Amino acid sequence: MKIKEYYINPTIILNEETHEYLNTVTNSIIDLKSVTNLVQNIYPFDASNIPPAALEFGIEKGICVHNRLSDYIINNNIGYCDHSANGYPIRTHSSEFNWIKRHLDKIDTLEVYSEVSLSNGKYNGTFDLLYKDLDDKWHLVDFKTTSRLNEDKECLQLKFYEQLLQDNFEDIQKIDYFEIYNSKNEIHYKFKESRLNSSEILKEEILTKYL
Ligand SMILES: [Zn+2]
């Protein structure tokens, strides 16, 4: 199957509230680990040093920015943020959305896919953005809204998504660029071959050990 066909009629959807993946054909929950679960085996998320209110604030911002970006990519709708703190709008929600939006506006694409949920029978995952550029090269992108940078973790995560894409779609056998847009730090970068190779090895080890 080509991703274009799947995108119109996806058979896997993510329930964002319960974090459960649902197979829409059989109407059943897919009881497999997610990419996030797999990555956390190696890079656990330690929230103990983060005040609960700050953690909650960060999660809310992440959801807001991601949802607006998805709506923008799919519907070209810039949307709005109705979150507020102490009666004032939370400016970072919109400024971070706008920072990534400005970068996306500069890209010319042949195909664009936002937030697609996939399973390969071993694990599930949902990537942020995949697009094909004018040179027929595939770019797999993740949006980050936190200052806590871990490039090894980010790269590993993208390699798991690449595997899901390869296992599902005949037209995606190779991802050409693995990229991060970090709106909190206002940086965009692509992973180099050496890091991608390390992540590939680590990915295989995790699949052997944890599945
Ligand atoms: Zn918001």
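Does Arg91 count as buried or exposed, and how many C-beta neighbours does Arg91 have inside 10 Å? In this predicted model, Arg91 has 10 C-beta neighbours inside 10 Å and therefore counts as exposed.

**Helix H4 and Arg91**

- Cys81 lies 10 residues from Arg91 in sequence, and the C-alpha atoms of the two are 9.0 Å apart.
- The buried residues of H4 are His93, Glu96, Phe97 and Ile100.
- An α-helix has 3.6 residues a turn, so residues three or four places apart point the same way.
- Arg91, Ser95, Arg102 and Asp105 are exposed on the other side of H4.
- The cover over the buried residues of H4 includes helix H3 (52-75), strand E9 (138-144) and strand E10 (177-182).

**Helix H2**

- Helix H2 runs over residues 35-42, and Val35, Leu38 and Val39 are buried in it.
- Seen down the axis of H2, the buried residues fall within an arc of 95°, so they line one face of the helix.
- Strand E4 (33-34), strand E8 (123-133), H5 and helix H6 (193-210) are what the buried residues of H2 pack against.

**The largest nonpolar core**

- The largest nonpolar core has 36 residues, and those that touch the most other members are Val35, Phe127, Leu130, Leu140, Phe160, Tyr161 and Phe178.
- Helix H5 (residues 151-168) gives the most to this core, with seven residues.
- Leaving aside residues up to four places away in sequence, Tyr161 touches Val35, Gly125, Phe127 and Leu140.
- Val35 is also one of the buried residues of helix H2.
- In soluble globular proteins, nonpolar side chains tend to be buried together.

**The sheet E1-E2-E3**

- Three strands form an open sheet in the order E1-E2-E3, with antiparallel pairing.
- E1 and E3 stand at the edges with a single partner strand each, so one side of each is left without a neighbour in the sheet.
- Strand E1 (residues 12-15) and strand E2 (residues 20-23) are antiparallel and share four bridges.
- Within this pair, Asn15 has Glu20 in E2 as its bridge partner, and Ile13 stands opposite Leu22 in E2.
- Four residues separate E1 and E2 in a hairpin, where His19 in the turn has a positive phi of about 60°.
- The antiparallel pairing of E2 with strand E3 (residues 28-29) has two bridges.
- Leu22 stands opposite Ile29 in E3.
- E2 and E3 also make a hairpin with four residues between them, and Asn27 in the turn has a positive phi of about 55°.

How values were computed
Residues are numbered from 1 along each chain as its sequence is written. This is a predicted model: local features need pLDDT of at least 70, side-chain atom pairs count only at pLDDT 80 or more; totals for chains, interfaces and linings use all residues. A nonpolar core is a set of buried Ala, Val, Leu, Ile, Met, Phe, Trp, Tyr and Cys residues joined through C-beta atoms within 7 Å. A residue is buried if 20 or more other C-beta atoms lie within 10 Å of its own, exposed if 12 or fewer, and partly exposed in between; C-beta atoms are placed from the backbone. Two residues are in contact if their C-beta atoms, placed from the backbone, lie within 7 Å. Two strands pair if DSSP finds at least two bridges between them. The arc is that of the directions from the helix axis to the C-beta atoms.
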